[in-house]
Structure formats: C-alpha cells, structure tokens
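Visitor: I have some questions about the terms used for this model. Could you take them one by one?
Guide: Gladly. Here it is.

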Amino acid sequence: MIKTIRNVIVKGMYESTGLTTVMTDSNHKKPSYPFYSYKFTTLRQNSGETGSLYDVVVDSTSKEFDKDILRVLAYQPAAIISFNAYSDDLLECQESILKAWEWFKLKGNQELDNNNLVVIDMTDIQDRTVFLGEEYEYRQGFDVRVRFLHTFDNRLETIEEAKMKGEIK
C-alpha cells in the first residue's frame, strides 16, 4: 500500500507541477533545481479503531474443496508524509511549494480518491532552508496526513462434507 501512495503522489505532483519528486533520504544524485522531496515520517498511524473483520466466500485453492473462507481485516490508518521544495532561488522555492500544497488541498483530490486516499490535514508551509558550505539551499515544506485503506486477509479451508461412522450420542 505504501508503494501505491508514493506512486500516486509522485505521478500526480509531476503531472500538476512538472517537477520531479524524489525521496528525501536518498544516496542518489539530486535532480536539478527546482524539485520536491518526500519522506514518510509516520508510516502507519492508528486511528483508534479496532478494524472491521468480515468473511468472504471464495473459490478454494485446494482440489479437495469447492470453497474457502477469506477472513479479511480492514483498517483506515493514516500516514504522515513530509514534503519539501528545493531551489537555489528563494522565490522559485516558495512558488514551487505553494503549487504542491495546492495539489494536496484541491487539485489532487480526485486522483487520491480514486486510489482510496484522503487528505486529513496539512501543516502550514514552513521555511526549512539550510546553509551548505558557502551558499544556501532554499527549502520550503509542509507535512500532510493521508488516510488510506489497509486490508489483509487469511484464507481458511472449509469442511464441506464429513463422513461419520457410528452414531452420535
């Protein structure tokens, strides 16, 4: 699921802004300015619920049975993702992060919704500029909390027929 969240956001941000989005903590060479980075600072935040447990009858994977039970547990946790825009020009950096913020606030809603993702809240845009040796690398950023559907299952074989000898008392 995390890969899906990442792919939806990276693709959507690129299509909306034309800027590359990379992982914040990466050993790869940085792209040319301006660009974005993301980092999952909280991979899975519980929402306080116990989840929804339900059973689904499915075709069996065993030749011995016609049907199995698929026991499914579904949650709606959240992930917190930190986003930054980078540039060697402060105004360009500020304009870039504003476009990313707008994507999460409105422009990307349909694309997120199509993938069972909902923006719960976002922080204010903050200055995250750093001094690198002899010059500044301008960074502006915000954090976004996204709710997603997390389901997992366990297949249970059924007993469809039992042959008994003797009598039941």
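Visitor: Among contacts between residues at least 6 apart in sequence, what percentage join residues at least 24 apart?
Guide: The share is 67%. Keep in mind that this is a predicted model.

Visitor: Why is G51 called partly exposed?
Guide: Its relative accessible area is 28%. Buried means under 20% and exposed means over 50%. G51 falls in between, so partly exposed is the term.

Visitor: Where does G51 lie, and which residues does G51 touch?
Guide: G51 sits in the loop between β2 (35-45) and β3 (52-59). Leaving out residues up to four places away in sequence, G51 touches L73, A74 and Y75.

Visitor: How do you know that β3 and β4 pair?
Guide: Pairing needs at least two bridges. β3 and β4 (residues 67-75) have 8, so they pair, and they run antiparallel. One of the positions is V58, whose bridge partner in β4 is D68.

Visitor: What makes β3 and β10 edge strands?
Guide: The open sheet has the order β3-β4-β10. β3 and β10 (150-157) each pair on one side only. Neighbouring strands of this sheet are turned by 25° against each other on average, direction ignored.

Methods:
Residues are numbered from 1 along each chain as its sequence is written. This is a predicted model: local features need pLDDT of at least 70, side-chain atom pairs count only at pLDDT 80 or more; totals for chains, interfaces and linings use all residues. Side-chain values use heavy atoms; hydrogens and water are left out. Helices (H or I, at least four residues) and strands (E, at least two) are DSSP runs, numbered from the N terminus. Buried means under 20% relative accessible area, exposed over 50%, partly exposed in between (1.4 Å probe, protein chains only). Contact means heavy atoms within 4.5 Å. Axes are lines fitted to C-alpha atoms, for helices over the stretch in contact, and angles run from 0 to 180 degrees between N-to-C directions.
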